[in-house]
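We will go stop by stop.

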Amino acid sequence: MTEVHVRDVTKSFGATDVIHGISIDITDGEFVVIVGPSGCGKSTLLRMIAGLETVTSGEIQIGGRVVNKLEPAERNIAMVFQNYALYPHMSVFDNMAYGLKIRRLAKEDIRARVEEAAKTLELEGLLERRPRQLSGGQRQRVAMGRAIVRQPDVFLFDEPLSNLDAKLRVQMRLEIKDLQRKIGTTSVYVTHDQVEAMTLADRLVVMNEGRAEQIGAPLDVYEHPESTFAAGFIGSPAMNLLGAEVDGDGKLLNIAGEMQVPIDGAAHGLASGQNLIFGIRPEHVELARSGDGQDVQVQAVERLGADTLIYARSPGGTLLTVRTSGVDRIQPGETVPVRFPTDNLHLFDAQTTRRLSP
């Protein structure tokens, strides 16, 4: 049983604070993905778990041990890097076996572990090749095999798919998730790609400027974002986020000063005149075929096959993204009515940007 506990961890480089008191409890066998934009601190947090960066304050436990002062080699973790970090002069077999040779394992044990990992990763026929003779996907499998043979307590992945093309990334996502499910090793995975995060994670840690904005199951974060940052970062295309004000009787939202949506202000604890941020995902904006919606003018259309993305502006200039069926043949320049279903609205405090109940 290997659990990872990150307790109120901070990190500073000189006078610059980059991680601000993050706490995460990762259960045995769980696949946790840390996701966020460049510079949010996600790789720094992963490197602190690995022991490649020191912890300024707080505590990290792996398997019940406090590891703050332990070297990486003493933590029984294995890390898979973005650039593969393979030895170019060594064969695939020797790359996978190198860490075991350093630990002075018996030759027969090393061969057994490497061959077992190679079979799992479909590398059996490539063991005598050099890295330069492999595709990007095969090199990534070798890097993963090198981690597997060590039989670590925890796998750490630092944006391992960034160097692959789009098709390979999809394939490798499936393979990584399937592999983790088979092996059952506790895993922490860092990425800036929210599609990777949504498809791989048992739980997400959404990071922003060194803080954990939200921790939860992927669909929970998608359906109930706790902040405008989480709402805008998770989901592609991003959630529509518009300024709004509660009407005097608490039964209407005036959105961007020009559109209105009925709302039960009492249920949300709203006060008359309160300023909010109104959110709705593009797939929840309805094209009001009956003409009873609010008119917007189509600025651009992206046809993706099964889906069509419509970018439209209201008369007052508010930009709105709508996801609709691929069969729609709406053209730029058209005026179409849209409607906002009340059961798919998200409301956030204008000052704190945090979600308002319910």
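Is R141 buried or exposed? R141 counts as buried, because its relative accessibility is 12%. Buried means under 20% relative accessible area, exposed means over 50%, and partly exposed lies in between (1.4 Å probe, protein chains only).

Before moving on, note that this is a predicted model: local features need pLDDT of at least 70, side-chain atom pairs count only at pLDDT 80 or more, and totals for chains, interfaces and linings use all residues. Residues are numbered from 1 along each chain as its sequence is written, and side-chain values use heavy atoms, with hydrogens and water left out.

**Stop 1: the R141 pair**

A salt bridge is a side-chain nitrogen of Lys or Arg within 4 Å of a carboxyl oxygen of Asp or Glu. Helices (H or I, at least four residues) and strands (E, at least two) are DSSP runs, numbered from the N terminus. E175 counts as partly exposed, because its relative accessibility is 24%.

**Stop 2**

Look for an open sheet of six strands in the order 6-7-8-3-9-10, with mixed pairing. Two strands pair if DSSP finds at least two bridges between them. The edges are strand 6 (77-80) and strand 10 (211-216), each pairing on one side only. From one strand to the next, the twist averages 15°. Axes are lines fitted to C-alpha atoms, for helices over the stretch in contact, and angles run from 0 to 180 degrees between N-to-C directions.

Select residues 31-35 and 186-191. These are strand 3 and strand 8, which run parallel and are joined by five bridges. I34 has V190 as its bridge partner in strand 8.

Next, bring back the helices. Helix 4 (residues 136-149) packs on the sheet and touches strand 6 and strand 7 (154-158). Its direction makes about 175° with that of strand 6. Helix 5 (residues 166-183) also packs on the sheet, touching strand 3, strand 7 and strand 8. Contact means heavy atoms within 4.5 Å.

**Stop 2: S187**

Zoom in on S187, in strand 8. S187 is buried, because its relative accessible area is 0%. A polar atom of the S187 side chain lies 3.0 Å from the backbone oxygen of T185. Leaving aside neighbours within four places in sequence, S187 is in contact with E30, F31, V32, F155, F157 and Q180.

**Stop 3: the core**

Which residues have the most contacts inside the largest nonpolar core? They are M96 and L204, in a core of 44 residues. A nonpolar core is a set of buried Ala, Val, Leu, Ile, Met, Phe, Trp, Tyr and Cys residues joined through side-chain atoms within 4.5 Å. Helix 4 gives the largest share of this core, six residues.

**Stop 5**

Select E286 and R339. Their side chains meet in a salt bridge at 3.2 Å, N to O. E286 is in strand 15 (residues 286-287) and R339 in strand 19 (residues 335-339), 53 residues apart.

Then select D307 and R323. The closest N and O atoms of this salt bridge are 3.0 Å apart. D307 belongs to strand 17 and R323 to strand 18.

**Last stop: G317**

Find G317 in the loop between strand 17 (307-313) and strand 18 (319-325). G317 counts as partly exposed, because its relative accessibility is 34%.

Terms used: Polar contact = N/O pair within 3.5 Å; in protein donor to acceptor, adjacent residues only side chain to side chain.
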